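Q: Please take a close look at one residue of this chain and describe its surroundings, beginning with the fold that holds it.

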Amino acid sequence: MEETRNSHPYFMYDAVLAQGKAIARVVKEEDAVCSEISNQLISKGIESIHLVGIGTSNHAAQIGEFYIRKLAGYEHVHSWQSFEFCLDPPKIGPKSLVVVISHRGTKHYSLAALEHAKSSGALTVVVTRIASPVKREVCDFVLQTSENEKSSAHTVSFTSSLSALLLLSSKVGILKGVPLASETFKHLQQLPNIIEDTIHSTEPQIKKWVEVVKNASAHFFVGYGPLSTIAHEVALKIKETSYVNVEGFELEQYLHGPICATDSNVHVSFLSPSTKGIGFERTGDLVKAVNVIGATISCVGFLPVENDIVTRVTLEEVFEPFAPIIYVTILQLFTYWLALERKCNPDVFRADNPLHKQSAVHYKL
């Protein structure tokens with residue numbers, strides 16, 4: 001029988017706190033296999049890269065696409081939801097790399113995507129947990145992330161996957177002479193301490209933030225660049241753990257419909273990692289618009305508006321490739337403390353509800 005907990009600290013909390021050590025292990029122990037994969041990409045003349053995952057792993061695939069484009073210098077890179085990859089597969093072959101991301105290495109359509117990639121002659125990499133059932137016999141390389149999570153709300157395996165993809169992208173980019181790749185690789189050793197410091201410095205702010213917004217009728221998270229994916233990820237996590245109405249949006253997309261569903265009972269949170277560029281400026285426009293509507297506003301990061309209209313989680317401006325990992329860590333903590341305020345067990349994927357438990361017999365993940 002699986003071990004369960006019925007009060008704080010739930011397993012999700014342990015996993016969030018374990019992220020610094022897990023990322024440190026990835027940076028140290030997955031370096032050699034990342035070098036092997038990088039050399040294969042160059043020697044085989046890989047022309048296209050496909051990253052495949054479902055749920056949170058699909059969000060890792062989307063961030064991986066950003067990393068590979070930005071750091072490894074590939075333009076023909078695409079992220080896929082596992083089912084869609086199997087439904088209508090892209091044309092792949094010996095000049096393709098397919099990276100399948102799976103927390104536990106057991107998801108049906110992710111494994112089907114891997115089988116298709118392997119049979120098509122593509123180079124294959126699986127990003128999965130330590131001691132996963134996925135073995136080198138069914139793929140070319142395995143990148144290990146973290147120990148198996150006891151909570152169904154995956155956190156440490158997500159940030160470990162991002163760290164593995166960041167490491168791999170950096171190693172490839174170094175071989176291709178991409179300057180940002182060398183800079184990223186040089187800073188990677190600092191990332192575990194940054195994560196631990198972020199958890200320590202922001203958790204008191206996060207608890208106060210939860211107190212302000214816990215009774216909202218809906219929560220909208222809005223971000224730009226790779227943080228638009230993190231907005232979708234926190235929305236997914238809150239649905240898994242608090243069972244409430246929550247959505248994630250890309251910054252400009254929020255104006256094209258979702259703002260119409262915003263009112264004084266809604267909480268809107270902006271993810272703004274920089275004080276420069278059109279993302280920063282446009283975020284300011286949206287904050288002012290939402291303030292007129294009367295929604296409760298929060299921000300993780302930076303805004304060009306006065307402080308008194310916003311509940312803010314403050315942190316220093318971060319190195320751009322690290323922003324998705326740092327920001328999602330903050331939002332994982334928000335997710336956890338919101339679940340506790342709502343008297344929900346964040347570990348169980350609502351299996352403690354008889355109807356949801358019964359419904360699960362009709363599908364296989």
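A: The radius of gyration is taken over C-alpha atoms, and the globule rule is 2.2 Å times the number of residues to the power 0.38. With 365 residues, a compact globule would have a radius of gyration near 21 Å, and the chain, at 20 Å, agrees with this. The model is a predicted one: local features need pLDDT of at least 70, side-chain atom pairs count only at pLDDT 80 or more, and totals for chains, interfaces and linings use all residues.

The C-alpha trace spans about 55 × 50 × 40 Å along the principal axes of the chain. Of the 365 residues, 55% count as buried, that is, under 20% relative accessible area with a 1.4 Å probe, protein chains only. Among contacts (heavy atoms within 4.5 Å) with a separation of 6 or more, 74% join residues 24 or more positions apart.

The residue in question is Gly-20, which lies in helix α2 (residues 19–29). Gly-20 counts as buried because its relative accessible area is 1%. Leaving aside neighbours within four places in sequence, Gly-20 is in contact with Pro-192, Ile-195 and Glu-196. The C-alpha atom of Gly-20 is also separated by 9.4 Å from that of Ile-199, although the two residues are 179 residues apart along the chain.

Conventions:
Residues numbered from 1 in each chain as written. Heavy atoms only, no water. Buried < 20%, exposed > 50% of the residue type's maximum accessible area, 1.4 Å probe, protein only. Helix = DSSP H or I, 4+ residues; strand = E, 2+ residues; numbered from the N terminus.
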